[in-house]
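Me: I would like to go through some points of this model. Please show it first.

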Amino acid sequence: MTILVTGSTGLIGSQVVALLAAQGADVHALTRTPEKRQFPSGVTPVKGDFQDVDSMRAAMGGARTLFLLNTVAADEVTQALIALNLAREAGIERIVYLSVMHSDRFTDVPHFTGKHTVERMIEQLGMNATILRPAYFMQNDDALIRSDVLERGVYPMPIGSAGISMVDARDVAQVAARHLQCRDAASEPLPTEVLDVVGPTALSGETAAAVWSDVLGKTVQYAGDDIGPFEARFRSFAPAWMAYDMRLMMARMQRDGELGSAGAVERMQQELGTSLRSYRDYALETAERWKTAQ
């Protein structure tokens, strides 16, 4: 009963692999470069690439359960649909797919609509899956706010005031690992379900800045809703098309927010069996990491 984890070296996938391995699961970790990666004891690295059909077919052939995670890419939809077709050919009937919250609503945001297209395939073909729709990851802030917060006293992410139920990536990974284990252990494939994966409180630009003020003991102000500087910063380390995709995402979050469905917080706490990690918890840990890195 093998669980194949795609995206196994990224923010979410690496934690899913570790959590499953700690529970004694038979985990195959898909990676383009297994010779350069280190995984927990008992995990089997599997060479594969979404763009290499033969490698994906071979990887799917040894699996019973699939964790499908596609990072934002120009051909993300093609990658995901090919992977699901190969999984279906291999007889895999137990899937956990990592989508995004409001994938069905933010139709002008390319990677949101892409993920919703994958959800539609799962639904229309009657595939058995848990579809996880996480809100904005707290850890998205890691690479984008340090100098602004510490040197300028500004929280620069233009998330607006409508409210975002930011979630810690570790909580997302725990929920994913739990559903993979449940589906893998079930005597029959479990029916499809869709879950909003959220943090405990909704944040705005002002309240996020206030958290950093409290944690750092200095005034941190919200930089405001201008999305232009955010796109420009993103372009410094990512392709222009991706930066524009993220700009569109921020515009929709400002307009509509990204709030979980009714009861989503309670459901997530039941899933984890403990309290959800808060943005303040994340900020405290991040500030400590910044200190040790100096």
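Reply: Contact means heavy atoms within 4.5 Å. This is a predicted model, in which local features need pLDDT of at least 70, side-chain atom pairs count only at pLDDT 80 or more, and totals for chains, interfaces and linings use all residues. Residues are numbered from 1 along each chain as its sequence is written, and side-chain values use heavy atoms, with hydrogens and water left out.

Me: Is E231 buried or exposed?
Reply: E231 lies in helix α8, residues 228–235; helices are DSSP runs of H or I, at least four residues, numbered from the N terminus. Buried means under 20% relative accessible area and exposed over 50%, with a 1.4 Å probe and protein chains only. At 14% relative accessibility, E231 therefore counts as buried.

Me: With which side chain does the side chain of E231 make a polar contact?
Reply: Beyond four places in sequence, E231 is in contact with A243, Y244 and R247. A polar contact is a pair of N or O atoms within 3.5 Å, and within protein one must be able to donate a hydrogen and the other to accept it; residues adjacent in sequence count only if both atoms are side-chain atoms. At 2.7 Å, the partner is the side chain of R247.

Me: What reach is expected for helix α9 at 1.5 Å a residue?
Reply: The expected span is 1.5 Å times one less than the number of residues. Helix α9 covers residues 240–256, which is 17 residues. From first C-alpha to last it reaches 24 Å, close to the expected 24 Å.

Me: Which helices are included in what covers the buried residues of α9?
Reply: The buried residues of α9 include M242, A243 and M246. Their cover includes α4 (110–124) and α8.

Note on methods:
Helix = DSSP H or I, 4+ residues; strand = E, 2+ residues; numbered from the N terminus.
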